[in-house]
Amino acid sequence: MEKLFVSSSPHLRSGTGVRSIMLDVIIALAPALIASVILFGLRALLVTAVSVAAAVLAEYLSRKIMKRPNSIGDLSAVVTGMLLAFNLPVSIPLWIAALGSAIAIVVVKQFFGGIGQNFVNPALAGRIILMVSFPAQMTKWTMPLTSFSGLDAVTTATPLGVLSEGGEQAMPPLLDMFFGVRGGCLGETCAVALLLGGVYLVARKVINPIIPICYVGTAALLSLAFGLDPLVQMLSGGLLLGAIFMATDYATSPLTNWGKVIFGIGCGVLTMIIRQFGSLPEGVSFSIVLMNILVPYIDRLTRPVPFGEEGARQ
Amino acid sequence: MAKGKLLSTFTKGIVKENPVLRLVLGTCPTLAVTTMAENGLWMGMAATLVLLGSNVVISLTRKVIPDKVRIPAFITIIAGFVTLVQMLVKAYAPEVNDKLGIFLPLIVVNCIILARAEMFASKNKVLPSILDALGMGVGFTAALVLMGSIRELLGSGSLFGVPITSSFIDPMIVMILPAGGFFVFAILIVLANKLSGDGKKAVLGCAGCPSAAHCPNAQTGGCEEKKEGEQ
């Protein structure tokens, strides 16, 4: 740990720390969590709780074994656990959710040095490993709001699944999709809750809106170019969850504003290419992780020129 | 050569200079065939046979082979033994031939065999070369079987084809995919480094290199020059 920070004046002391930022993210995720419980029943809360508990436990144990200072107090493991749970279908076996959290924390985060050192978003990497490992359980979608009708669960397809299958099943109406009444992962369906969280994060200056706007904007423009309905594309899959909460992760997004623009556009292009031409119906997690890996190069490309050294960047 | 030295010539290949996990040679077959423990075992045995043959012949002919054309000469000898082993496998165990596929003839370009020829057999007498080949072969086979077992157990829920956990745990398919191979490989390298180290922190450069004893560059300043400004 570096104790001494040297920088040029003026100096300003702010109370912001990892803990307060993570707390803000948790608050911003709360509406989506509430929405998921309403839509998918109490099991959504259970999956989230197991995932968070496993993430915190994995963080605590791995730091202990590696003889590093305990870091569960910064709440970043809680955020990773929540985000991972939001990327799982509600019917997921609980041990798979716990395993995903442990992989995200231990392999993707702690093996590379802990918070700030992870080279890709831990929750997304965890989701991808689960997706590749357990494809059947990871794509078993449950119809929302069935708990009110007395049935245990009704399986359904996600809107993107319907589109890629050729549209034999009916698409949910747009308004339903906006409120999250559609098949999908726990936290990704309710667009209005995600947007609420996003607005809160922007208002609290926790995230910079450049990445989400470029990401969603690019996806919308490209869906127009591909002849798809941009609103349907924006409201389906994990696009909003990914753009607001995952692509904006500090450690794995570019530092400069132009870098953020490139990053957001890149995510949007990759997402739409995977959706349109790939064999999987959804590509948000893969596109964000791919762009995460490119971040060091984007940062190098967009490094600002120091004042007075006009021609220095060569 | 003293008895203790001979013994260490054999044992060093198993952990301390394990060809896959410490020298990081022959990674291509290591990653490719270890989706099942059984494949790892066959691959290890085939490579050990080739290594034994090539080490013996190269050690015997080390004074005859001109230095300038030693690499083509080594490859020719190795290729001869690979052809031999492949014919034997095809004749007596055709199902193994099907399992290993292209990786059986590719033993020709397996770095372990050329590396042992270059580093050891071309500089030592026949008996130490045999022991070196056997030690390296055992190390290679052990690493492959270990890696294959882990990947098969987690990825298919079985071990040597016998179902173990597949009845009550869904196997993690990623472990038998290439990504899982790299993952298990990295974890095993960490373990091997831990086991063969003396408890101190890892040393970079020639001082921490398991091949330094046989490497001609070790005396003259290492593998690569340090470049100014490079990270």
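Guide: Gladly, and please keep in mind that this is a predicted model. Of the 231 residues in chain B, 42% count as buried.

Visitor: How much accessible surface does chain B have, then?
Guide: The accessible surface of chain B comes to about 12700 Å², and carbon and sulfur atoms account for 68% of that area.

Visitor: And how many helices and strands are there in chain B?
Guide: Chain B has 8 helices and 2 strands, and reading along the sequence gives the pattern α-α-α-α-α-α-α-β-β-α.

Visitor: Switching topic: how many cavities turn up?
Guide: Searching the whole structure for cavities of 30 Å³ or more gives 1, and the largest cavity holds about 30 Å³ of space.

Visitor: Which residues line the largest cavity?
Guide: The lining consists of B:Ala47, B:Leu51, B:Asn110, B:Ile112, B:Ile113, B:Met136, B:Gly137 and B:Phe140. The elements that each give two or more residues to this lining are helix H3 (37-60), helix H6 (111-121) and helix H7 (126-156) of chain B.

Visitor: Which element gives the largest share of that lining?
Guide: That is H7(B), which supplies 3 residues.

Visitor: And what is the lining like by class?
Guide: The lining of the largest cavity is made up of 6 nonpolar and 2 polar residues, with no charged residues.

Definitions and conventions. Residues are numbered from 1 along each chain as its sequence is written. Chains are lettered from A and ligands numbered from 1 in the order in which they are written. This is a predicted model: local features need pLDDT of at least 70, side-chain atom pairs count only at pLDDT 80 or more; totals for chains, interfaces and linings use all residues. Side-chain values use heavy atoms; hydrogens and water are left out. On a 1 Å grid over the protein atoms alone, a cavity is a set of points where a 1.4 Å probe fits but cannot get out, and a pocket is an open set with protein on both sides within 12 Å along at least five of seven lines; lining residues have an atom within 4 Å of a point. Grid points are joined across faces, edges and corners, and a volume is the space filled by probe spheres set on the points. Helices (H or I, at least four residues) and strands (E, at least two) are DSSP runs, numbered from the N terminus. Ala, Val, Leu, Ile, Met, Phe, Trp, Tyr, Cys and Pro count as nonpolar, Asp, Glu, Lys and Arg as charged, and the others, Gly among them, as polar. Buried means under 20% relative accessible area, exposed over 50%, partly exposed in between (1.4 Å probe, protein chains only). Accessible areas come from the Shrake-Rupley method with a 1.4 Å probe; for residues, only the protein chains shown count as cover.
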